[in-house]
Amino acid sequence: MTENNRNRHICTGLMAHVDSGKTTLSEALLYTSGAIRKLGKVDTKDAFLDTDARERDRGITIFSKQAELTWQGMELTLLDTPGHVDFSAEMERVLQVLDYAVLLISGADGVQGHTRTLWRLLARYNIPTFIFVNKMDISYQSQADLLQDLQTHLSSNIIDMTLDDAQEQISLCDEALLNEYLENNTLSKDSLQISFAKRTFFPVLFGSALKNEGIDVLMDTIIDLSLEKEYPGEF
């Protein structure tokens, strides 16, 4: 637990095309953080956030759900949203209250039609967005291929945070960042957080929610790049 994160709180939503593994990712995040002691599964109808009988029977998320977890001393409100296009209104309602979003991509499928719709909505609501490419355990595509797919169809400023030159790649997204990087050969945490909050770049990470691979790195990245937003005392 880091002292700087103590008492910080952010609200993050999970968005995805249906069947990308969003509910499985929710379970992995809750389990890895210690919020739940047992991993549930969609197939066995015991996923923690699929509380409605219709969701468990159909294996899809119909209603948005809220869960609380703590990682590195930061409190995180996690909002799981429907991925099926028929329930887009429920998903879009959640966008209005988010500080950040995690857009889930299936490594087996890459960018799909509804993925692009979600991307446009996240831009409309000006929400800083992390990307997690899931199902890498069954993907026939490499990280490089999937990164190219994301940069082609979503944004050229999507940066693979697992690469050694990630900061260099981030610096190419903005002139001020580039000047800082050329002067110091690194980017400060403040600069990274502020630039991410402005949607200057979009970090992407890879893993498998089912195998619980890459989940801790995803949460570390969320915490490292997140700024707690300040809201007025009254609506």
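The structure, a predicted model, holds five aromatic pairs. Rings of Phe, Tyr and Trp (its six-membered ring) pair if their centres lie within 6.5 Å; planes under 30 degrees apart count as stacked, over 60 as edge-to-face and the rest as tilted. Local features need pLDDT of at least 70, side-chain atom pairs count only at pLDDT 80 or more, and totals for chains, interfaces and linings use all residues. Residues are numbered from 1 along each chain as its sequence is written, and side-chain values use heavy atoms, without hydrogens and water.

Two of the pairs are set out here.

| Pair | Centre to centre | Angle between planes | Class |
|---|---|---|---|
| Tyr 100 and Phe 130 | 6.1 Å | 50 degrees | tilted |
| Phe 196 and Phe 201 | 5.8 Å | 50 degrees | tilted |

Tyr 100 sits in strand β4 (residues 100-106) and Phe 130 in strand β5 (residues 129-134), 30 residues apart. Strands (E, at least two residues) and helices (H or I, at least four) are DSSP runs, numbered from the N terminus. Tyr 100 has 1% relative accessibility, so it counts as buried. Buried means under 20% relative accessible area, exposed over 50%, partly exposed in between (1.4 Å probe, protein chains only). Phe 196 and Phe 201 are both buried. Tyr 100, Phe 130, Phe 196 and Phe 201 form one aromatic cluster.

Next, the cores. A nonpolar core is a set of buried Ala, Val, Leu, Ile, Met, Phe, Trp, Tyr and Cys residues joined through side-chain atoms within 4.5 Å. The largest has 37 residues, and Phe 201 is among those with the most contacts inside it. Helix α9 (residues 215-225) gives the most to this core, six residues. Apart from it lies another core of 25 residues, including Val 94 and Ile 158.
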